[in-house]
Amino acid sequence: VINIITKENKVARVSTNVDTYWENVGVYNLDAGLSLNKKNHVFALNGGRHFFDGYSLEDTSRSQTWKPKRQYFFDSYYIYALPKTKFKFAGQYFNEKLQDKGGLRPPYYETAFDTYFYTIRYSARLEGSHQFNKTHFLNFVGSWSAYDRIKNTYFKDMTTLDEVLTTNPEDQDTTKISSWLVRASFAQGNENRKLNYQAGLDLNTETGSGKRIYDNEQEIGDYAAYASFKYEPKPVISIQPGFRLIYNTKYDAPLVYSLSAKWNMNEKYSMRFNYSKGFRSPSIKELYLYFVDINHNVQGNPNLKAEYSDNFNL
């Protein structure tokens, strides 16, 4: 699991930054940011443009070894915070254009085939938390993310600079991957009680479409409810059982459970034991994506089985 926590402006009323970067091989980067902090409200916006002009050791052809690339990226967030309640809405957008310029074609060297690859990613995220009292907490996160990869091939006339889409179906392609995530948890954390707990829901769906996806469109859903408990009969002993009940739209998911125990024997020595069952279902890309060209050989396997495991640690 990779958890990326972006920096938030928690002190300054106004914060700005501008960054530039240049390389003599044709790299020109510029990005900037602005954030405002006023009472219970925080707003931030960041964006930029990165550009690479392409490079070849011997610059004698339109076709370059390192392809020209242009990127735009933006992200922003808004926070509304009270002493016991906090909401955060964040969004991100990324747009990349990669140019694969073909060599000039004989006999007159006035035409060429050019391929453009577009990668577009965008996401939206809503987070919320509320503290009912000193011991009870509610957390929520909902997010949507999408990924589009578009390939267009043109026949280009260098004398008029006119471009026409080629008629070969393999020269044009759009692949889309999107996912939804909803996760909510309620917890009790009271140091004066021997028993505390956490319970929640974890809902995920993933959809893929396009010619590179088997049967042009696939969808997988994974929906789970979970709970864990922490029991401390004595200050030096902690026992934590947990379970996760899963429904997967493609695979038979087992009841996943775990048990952790810790014994602080004295100030210098402690003993810990953990056991947990594991379950992982393959993703849409692992199952259904077919992406084979001169640079890639990714072939999904619809017959992949889910992974099951037993994990021990002492």
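Is Tyr-257 buried, partly exposed or exposed? Select Tyr-257 to begin the tour: this residue is partly exposed, with a relative accessible area of 37%, where buried means under 20% relative accessible area, exposed means over 50%, and partly exposed lies in between (1.4 Å probe, protein chains only). The model in your viewer is predicted, so that local features need a pLDDT of at least 70 and side-chain atom pairs count only at pLDDT 80 or more, while totals for chains, interfaces and linings use all residues. Residues are numbered from 1 along each chain as its sequence is written, and side-chain values use heavy atoms, with hydrogens and water left out.

**First stop: aromatic rings**

A pair of aromatic rings is described by the distance of the centres and the angle of the planes. The structure holds 13 aromatic pairs, and for this count the rings of Phe, Tyr and Trp (its six-membered ring) pair if their centres lie within 6.5 Å, with planes under 30 degrees apart called stacked, over 60 edge-to-face and the rest tilted. Tyr-275 is buried, with a relative accessible area of 14%, whereas Tyr-257 is partly exposed.

Next select Tyr-122, Trp-144 and Trp-180, which together form one aromatic cluster. Then show Lys-97 and Tyr-116, where the charged end of the lysine sits over the ring, 4.7 Å from its centre; a charge sits over a ring if NZ of Lys or CZ of Arg is within 6 Å of the ring centre and within 35 degrees of the ring normal. A further example is Lys-250, whose charged end sits over the ring of Tyr-251 at 5.6 Å from its centre.

Return to β13 and β14 and colour both strands. They run antiparallel and are joined by seven bridges, where two strands pair if DSSP finds at least two bridges between them. A hairpin connects β13 to β14 through five residues, and Lys-262 stands opposite Arg-272 in β14.

Which strand is also joined to β14 by seven bridges? Strand β17 (residues 307–313) is, and the two run antiparallel; select Ser-276 and you can look for its bridge partner in β17, Asn-311.

Side chains of opposite charge can pair when their charged atoms come close. The structure holds eleven salt bridges, each being a side-chain nitrogen of Lys or Arg within 4 Å of a carboxyl oxygen of Asp or Glu. Select Asp-114 and Arg-62, whose closest N and O atoms are 3.0 Å apart. This pair links distant parts of the chain, 52 residues apart, since Asp-114 lies in strand β6 and Arg-62 in the loop between β3 (41–52) and β4 (69–81). Asp-114 is buried, with a relative accessible area of 0%, and Arg-62 also counts as buried, at 18%.

Now select Lys-176 and Asp-148, a salt bridge with its closest N and O atoms 3.1 Å apart. Lys-176 in strand β9 (residues 173–188) and Asp-148 in strand β7 (residues 136–157) are 28 residues apart. Here Lys-176 counts as partly exposed at 38% relative accessibility, whereas Asp-148 is buried at 7%.

Move on to Arg-280 and Glu-286, whose side chains meet in a salt bridge (3.0 Å, N to O). Arg-280 is partly exposed, with a relative accessible area of 36%, and Glu-286 counts as partly exposed at 32%. Elsewhere, salt bridges that share partners join Arg-183, Asp-202 and Arg-244 into one network.

**Last stop: two buried residues**

Select Thr-115, which lies in strand β6 (residues 111–131) and is buried, with a relative accessible area of 11%. Its side chain makes a polar contact with the side chain of Thr-153 (3.2 Å), a polar contact being a pair of N or O atoms within 3.5 Å, where within protein one must be able to donate a hydrogen and the other to accept it, and residues adjacent in sequence count only if both atoms are side-chain atoms. Leaving aside neighbours within four places in sequence, Thr-115 is in contact (heavy atoms within 4.5 Å) with residues including Leu-98, Asp-100 and Lys-151.

Finish at Ser-35 in strand β2 (residues 27–38), which counts as buried at 7% relative accessibility. Not counting residues up to four places away in sequence, Ser-35 touches several residues, among them Asn-9, Arg-13 and Phe-43.

Key
Helices (H or I, at least four residues) and strands (E, at least two) are DSSP runs, numbered from the N terminus.
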